[in-house]
Amino acid sequence: MPFEEWAEAVESLDPSLVEALETAAKRIRSFHEKQLRQSWIDFDERGALGQLIRPLEPIGIYTP
């Protein structure tokens with residue numbers, strides 16, 4: 001789809017929907033960029049969101 005068609009489509013949307021989609025995209029991007037790190041936790045007014053990576057204790061595995 002040409003850029004002009006995308007621009008027209010966005011202009012036809014309710015501004016509050018465009019804002020909500022942009023906010024969601026920023027949050028999704030921020031979340032997944034942090035997954036590139038080992039462990040992370042963010043605290044804000046909504047609570048905490050994060051990923052804690054811990055190695056397993058030594059385990060045994062048998063593969064025939």
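**Exercises on charges and surface patches**

K34 has its place in helix α2, and the exercises below, which concern a predicted model, begin with this residue.

**Exercise 1.** Determine whether K34 is buried or exposed, and find which residues K34 touches when those up to four places away in sequence are not counted.

*Solution.* Start with the accessibility: the relative accessible area of K34 is 14%, and since buried means under 20%, K34 is classed as buried. Next, turn to the contacts: with residues up to four places away in sequence left out, K34 touches W40 and D42. Finally, look at what joins K34 to D42: their side chains meet in a salt bridge, with a distance of 2.0 Å from N to O.

**Exercise 2.** State how many salt bridges the structure holds, and describe the one formed by R46.

*Solution.* The count comes to 2 salt bridges in the structure. One of them is the pair K34 and D42 already treated above. R46, for its part, forms a salt bridge with D44, in which the closest N and O atoms are 2.7 Å apart.

**Exercise 3.** Identify which residues make the nonpolar surface patch of about 240 Å², and work out how L17 is classed by its accessibility.

*Solution.* The patch is made by L13, L17 and L21. Of these residues, take L17, which lies in helix α2, a helix that spans residues 15-34. The relative accessibility of L17 is 39%; patches are made of residues with over 30% relative accessible area, and L17 is one of the residues that make this patch. As the range for partly exposed residues runs between the buried limit of 20% and the exposed limit of 50%, L17 counts as partly exposed.

**Exercise 4.** Find which residues gather in the patch of negative charge on the surface, and locate E11 in the secondary structure.

*Solution.* The residues that gather in this patch are E4, E5, E8 and E11. Among them, E11 has its place in helix α1, which covers residues 3-11. For the accessibility step, the value for E11 is 67%, and because exposed means over 50%, E11 counts as exposed.

Notes: Residues numbered from 1 in each chain as written. Predicted model: local features only at pLDDT ≥ 70, side-chain atom pairs only at ≥ 80, totals over all residues. Heavy atoms only, no water. Patch = residues over 30% accessible without salt bridge, like charges linked within 9 Å, V, L, I, M, F, W, Y side chains within 5 Å. Areas by Shrake-Rupley, 256 points an atom, 1.4 Å probe, with all protein chains shown as cover. Salt bridge = Lys/Arg side-chain N within 4 Å of Asp/Glu carboxyl O. Helix = DSSP H or I, 4+ residues; strand = E, 2+ residues; numbered from the N terminus. Buried < 20%, exposed > 50% of the residue type's maximum accessible area, 1.4 Å probe, protein only. Contact = heavy atoms within 4.5 Å. Lys, Arg positive; Asp, Glu negative; His and termini not counted. Charge placed at Lys NZ, Arg CZ, Asp CG, Glu CD.
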